[in-house]
Amino acid sequence: MSIFKTDILVLGSGVAGLSIAIKTAATLPEKTILVATKAHESESNTKYAQGGIAAVWDKLDTFEDHIKDTMVAGDYLSDPKVVKMVVEEAPDCMRQLISWGTDFDQNVAGEIDLGKEGGHSTNRILHYKDVTGYELEKTLLEQVDNLPNIQLLPYHFAIDLITDHHLTEKTDKDEISCYGAYILNQKTNKIDTYLATSVVLATGGIGQVYAATTNPVIATGDGIAMAYRAKARITDMEFVQFHPTSLYQPGESPSFLISEAVRGFGAYLRNKAGERFMLKIDERGELAPRDIVSRAINTELIFTGDPHVFLDCTHLDMSEFIKHFPNIYEKCKSLGIDPGSQFIPVVPAAHYLMGGIEVDMNGYSSVINLFACGECSRTGLHGANRLASNSLLEALVFGNKIAEEIIHKRSHLKLDSIPEIPEWDEEGTMVPKENVLISHNRKTIQNIMSDLVAIVRSNERLEKAMDHLNYLYQDTEKAYEKSKLSPQICELRNLNAIAYLIVNQSMHRKENKGAFFSLDNIDVKP
């Protein structure tokens with residue numbers, strides 16, 4: 001086991017983590033930045049983002065309209081100051097990406113082709129075909145390669161943040177400080193100590209807490225769980241967004257996403273009888289915000305007993321469809337579905353968390369020296385429901401804010417002043433003879449959450465879920481304490497914490513807002 005020191009430790013290699021690393025490394029060439037990620041450096045939620053990035057780019061669009069659309073989608077729980085800041089800084093972020101080499105689709109006039117998605121009042125989505133996230137991740141990794149003071153550490157799994165309670169000599173101060181993290185090197189199976197003056201959590205989402213999710217298998221809420229154990233403030237966990245249109249493939253995880261942009265392109269939602277049921281629910285039809293569309297589909301499925309609804313693209317210009325959505329078209333064709341002549345079967349799937357680690361407008365958490373950015377953070381931008389294509393934007397804007405904080409040395413901690421930190425203690429642990437109990441408990445958590453804590457909730461369902469989770473927590477902690485640590489047991493522990501936080505904070509919300517809907521709150525007046 002070794003001790004490593006670095007100026008900046010970034011956990012996560014999606015758009016949030018990489019953008020912070022790039023900006024700080026370029027401005028502070030004398031500083032060292034370590035970016036640790038539990039899988040390959042290109043594997044992140046960013047990579048799977050299809051739709052694009054929302055920004056006021058067209059001269060006919062306005063900041064006021066983007067702000068209004070964000071507030072309406074968030075059911076007016078978004079922080080107006082944060083929304084204003086993010087929207088107004090969006091165009092500069094897009095220019096920054098373009099200067100780094102990011103490709104965005106262009107129209108015949110050579111101008112950026114702006115898409116439209118649910119909840120937006122106009123076309124303002126910058127995109128690259130239906131693989132915008134992949135294009136963005138590729139661009140950022142190319143930038144990282146050109147900066148020698150950034151070191152990528154793939155297959156390094158962060159176990160826990162190092163805070164005051166780990167110190168050899170305890171202090172009596174009230175504030176909690178973060179000094180780094182214990183990280184498992186998956187190639188050596190050793191848990192090393194990484195110390196830093198600034199620590200950034202950019203660990204992505206929590207989708208794997210549900211059985212059906214568009215998130216990759218790595219999205220197990222590790223950063224939020226670590227921050228929770230470190231006593232950081234975690235809020236708005238009850239607000240989980242379910243994407244209305246994942247491809248219906250029972251048992252497949254992650255679920256394949258049919259981008260919001262397909263409905264923005266003109267696709268219709270239909271039930272088995274062929275009816276456009278969204279027209280009865282909302283005047284915006286298929287382009288209503290995601291929480292409304294997902295609940296409408298859920299209601300339709302309960303009423304009809306059908307396993308899925310359909311996305312109808314048969315009336316669209318198929319040559320243009322293929323040009324805009326080549327990945328989606330090829331996926332459908334590979335399953336024997338021709339979008340030009342057949343309806344696409346779709347169902348909602350867990351997609352995005354609006355809550356997370358509470359941060360201020362500079363990305364600072366309630367723990368000293370600890371920042372959070374991207375989906376693991378709760379900035380106040382999304383409120384009760386995220387507006388489509390505002391997530392990559394949020395990561396870029398707050399990534400810049402965090403980089404500026406670090407660049408201007410707002411952290412008063414110096415590497416040589418970090419207190420003595422003990423090494424990770426593995427004494428008395430052993431390698432489990434089998435992992436079947438870990439995989440069983442993981443599936444159990446996913447089933448509990450999908451059955452009892454999904455699009456529609458109730459007090460009774462939440463209480464039943466908490467009873468089950470309490471038992472699983474005790475079972476998992478026993479295994480954790482006696483096992484030689486692996487990513488599998490750590491992810492299970494983190495998923496258990498995430499599930500608890502979602503259920504607990506759902507129990508405390510007594511009003512239906514945005515993505516949160518409880519049957520017991522229907523008659524409650526705000």
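My entries go from a strand to a helix and then to aromatic rings.

**Ground rules.** I'm working with a predicted model, where local features need pLDDT of at least 70, side-chain atom pairs count only at pLDDT 80 or more, and totals for chains, interfaces and linings use all residues. Residues are numbered from 1 along each chain as its sequence is written, and side-chain values use heavy atoms, with hydrogens and water left out.

**Strand S8.** I took helices (H or I, at least four residues) and strands (E, at least two) as DSSP runs, numbered from the N terminus. Buried means under 20% relative accessible area, exposed over 50%, and partly exposed in between (1.4 Å probe, protein chains only). In S8 (residues 190-201), 11 of the 12 residues are buried, so the strand is largely enclosed by the rest of the structure.

Which strands pair with S8? I counted two strands as paired if DSSP finds at least two bridges between them. S1 (residues 3-11) runs parallel to S8 over eight bridges, and Leu9 has Val199 as its bridge partner there. S7 (residues 178-185) pairs with S8 in the antiparallel sense over six bridges, with Ile183 bridged to Asp192. Four residues separate the strands in the S7 and S8 hairpin, and Asn189 has a positive phi near 60°. S15 (residues 370-372) pairs with S8 in the parallel sense over three bridges; Val200 has Phe371 as its partner.

**Helix H4.** Next I checked H4 (residues 132-145), where 10 of the 14 residues are buried, so this helix is also largely enclosed by the rest of the structure. Leu136, Leu140 and Val144 are among the buried ones.

**Aromatic rings.** I paired rings of Phe, Tyr and Trp (its six-membered ring) if their centres lie within 6.5 Å; planes under 30 degrees apart count as stacked, over 60 as edge-to-face and the rest as tilted. That gave me nine aromatic pairs. Tyr228 and Tyr500 make a tilted one, 6.4 Å centre to centre with 40° between the planes. Tyr228 is in helix H5 (residues 222-229) and Tyr500 in helix H13 (residues 487-508), so the pair ties together parts 272 residues apart in sequence. At 33% relative accessibility, Tyr228 counts as partly exposed. I also found Phe265, Phe321 and Phe325 linked into a cluster by ring pairs.
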